[in-house]
Amino acid sequence: MKLKFTVLLATAILALSACSSAQNGESESKKEEKVVQTATETKENSNMSTNIETLTGNEFTIVAKEATHQLNSEVSVEAWTFNGSVPGSQIRVKEGENVKITLKNELPDPVSIHWHGIPVPNSMDGIPGVTQNAVQPGESFTYEFTATHPGTYMYHTHQEAVNQMDKGLYGSLIVEPKEVTYDRDYTLMLDEWVSNSEDQEAMNNMAGMENMDHGSMNHGDASDNQNKNDMHGGMDMGHDMSMYDIFTMNGKSGDLIEPLKVKEGETVRIRLANVGYMSHNIHLHGHKFKVVAIDGQELNEPKEIKDELIAIAPGERYDIEFVADNPGSWYLECHGDMEGTKGMRATIQYEGVSESTDQFNPSEDLPVFSFANYGATKDGGFTLEQKYDVEYTMDLNGNNMDNVWTINGKSFPDIEGLNVKEGDLIKVKLVNNSPAGNDHPMHLHGHFFQVLSKNGKALEGSPVIKDTINVKPGEEYVVAFKADNPGNWLFHCHDLHHATAGMVDLIKYEGFQPNFTVDPNANNKPE
């Protein structure tokens, strides 16, 4: 239950811890300069909205504050933002750089920042009550880590995130590789919003009531989740995802999505990052393309494909690349039948082309890309047959009727967690036994894992290294990772409606002690 989940976390975590005591032909340097320039030219030829800045270097300030945000030509919302925009400022750093980011909170509620997918030190993971206290209104917190792994990542609040992320508290973080192989570099963050002002007001009022309750009570009961469910479509329906009727790319929908401009002959990378609560099927028109990275990790010898949907679950990132060899104006569109689908559509616009040469077709029946047999074989570090120090099964279950979501029959914080030792090799089987329609995109903090099998069949082709895996009802995945980052780490569903209602596990390193003291007045609400 939400109140129980958030208020009791500090006690639970301490108890659990105690138990575990450029253009073609240019030089690489010129090309790299061009890539950065492309990403920062927000006024003319970037995928970003004109009010979204790109920050480069290695020291940054991120201010959490309120702002009016325009979703489409008809709907604006009062958003919570990082640096005044949705998404927040894009942070671009170099591989290997030491990074320092100061969060200043100018919002009325506590916040935090989680660096989604980046293996940071545990004290920098941004989880209120687990790794730090929530940053209070008017206060600051500085995060420091080394950008060890190039790739596409996200940052977002992890304080009451099911509501705060809905309001816009997220952004992208790109760790640029030492060698750049593309000419254009675009990032598109996918999200969903509610257009109905009454629904928005209900969400805001519900968040306010929860804050009041958490601030004045020490214990909770099931009624807190039931109240929240009323706002999301009724107790009998859990959360009603049909309320989300505006789908956005970089915070914009429909005609407000800026074109992705290219020149013929260029190699174009598009980083697709899903920061919402629904999976989105993305189709690139008019070009062959490669899936070059998943969750920021490069694939080995990706092959060209065409007219396949890229299904991106909450928390996942997919990088695609194509050669701009078909001049015109082409769509990069979402496929589906929900009301918001039609607005999630960007244009690939060639230089010198002003009129559309393409047709929007979100209902076209196309195959869905699978990473299970894609790319070329390579040693990924783990196999199904090798010996592991820890083997663990996560039975993912629950239902919308009760809105109780469990791992191995228990809901956080009333869990045992998984005890590991530094250096352990760990194999985890994830099984979704939930009713149809309830995907569980499971996200592991602080580590990457290798996907070894799907539904009992070993993966073929490139090794697949991820931090978020979408497990659909009836599916089973086996993943493996090394315990090489001491701390207390969440392993949770990134449909945060499910996480808030209990679908959270905890990886606990033996002997690890957090370096902060839980403040009972910090109003810590991790999810």
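1. A pocket, as the word is used in this note, is an open set of grid points with protein on both sides within 12 Å along at least five of seven lines. The structure under review is a predicted model. Its largest pocket has a volume of about 870 Å³. The lining of this pocket is made up of 42 residues, and those closest to the centre are Met278, Ser279, Asp439, Asn470 and Lys472. Sorted by class, the lining of the largest pocket holds 20 nonpolar, 14 polar and eight charged residues.

2. Isoleucine 310 deserves a separate comment. Beyond its neighbours within four places in sequence, isoleucine 310 is in contact with His280, Asn281, Ile282, Phe289, Val291, Tyr318 and Phe369. A further spatial relation concerns proline 367: its C-alpha atom is 9.1 Å from that of isoleucine 310, although 57 residues separate the two along the chain.

3. Two of those contacts, Tyr318 and Phe369, also pair with each other. Their ring centres are 6.4 Å apart and their planes stand at 90°, so the pair is classed as edge-to-face; angles over 60 degrees fall in that class. The pair links distant parts of the chain, 51 residues apart. Tyrosine 318 lies in strand β18 (residues 317–323), whereas phenylalanine 369 lies in the loop between β20 (345–350) and β21 (373–374). Both residues are buried: tyrosine 318 has a relative accessibility of 4%, and phenylalanine 369 has a relative accessible area of 8%.

4. Phenylalanine 369 takes part in a second aromatic pair, with tyrosine 374 as its partner. This pair is likewise edge-to-face, with 4.8 Å from centre to centre and 85° between the planes. Tyrosine 374 is buried, its relative accessible area being 3%.

5. One aromatic cluster is formed by Phe82, Trp115, Phe141, Tyr143, Phe145 and Tyr155. Charged side chains also lie over rings: lysine 167 is placed over the face of tryptophan 80, at 3.9 Å from the ring centre, and arginine 345 is placed over the face of phenylalanine 360, at 4.4 Å from the ring centre.

6. One joins valine 86 and proline 87, with omega at about -5°; proline 87 is in the loop between β3 (76–82) and β4 (90–94). Another runs from phenylalanine 412 to proline 413, with omega near 5°. Proline 413 is in the loop between β23 (404–407) and β24 (418–420).

7. Asparagine 403 has phi near 50° and is situated in the loop between β22 (390–399) and β23. With a relative accessible area of 4%, asparagine 403 is buried. Asparagine 523 has phi near 60° and is placed in the segment after β34 (504–509). Asparagine 523 has a relative accessible area of 19% and is therefore buried, given that the class requires a value under 20%.

8. Leaving out neighbours within four places in sequence, asparagine 58 is in contact with Glu97, Asn98, Val99 and Lys100. Asparagine 58 is also 8.0 Å from isoleucine 101, C-alpha to C-alpha, at a sequence separation of 43 residues.

Note on methods:
Residues numbered from 1 in each chain as written. Predicted model: local features only at pLDDT ≥ 70, side-chain atom pairs only at ≥ 80, totals over all residues. Heavy atoms only, no water. 1 Å grid on protein atoms, 1.4 Å probe; cavity = no way out; pocket = protein on both sides within 12 Å on 5 of 7 lines; lining within 4 Å. Points joined across faces, edges and corners; volume = space filled by probe spheres on them. Nonpolar A, V, L, I, M, F, W, Y, C, P; charged D, E, K, R; others polar. Phe/Tyr/Trp six-rings, centres within 6.5 Å; stacked < 30°, edge-to-face > 60°. Helix = DSSP H or I, 4+ residues; strand = E, 2+ residues; numbered from the N terminus. Buried < 20%, exposed > 50% of the residue type's maximum accessible area, 1.4 Å probe, protein only. Lys NZ or Arg CZ within 6 Å of the ring centre and 35° of its normal. Contact = heavy atoms within 4.5 Å.
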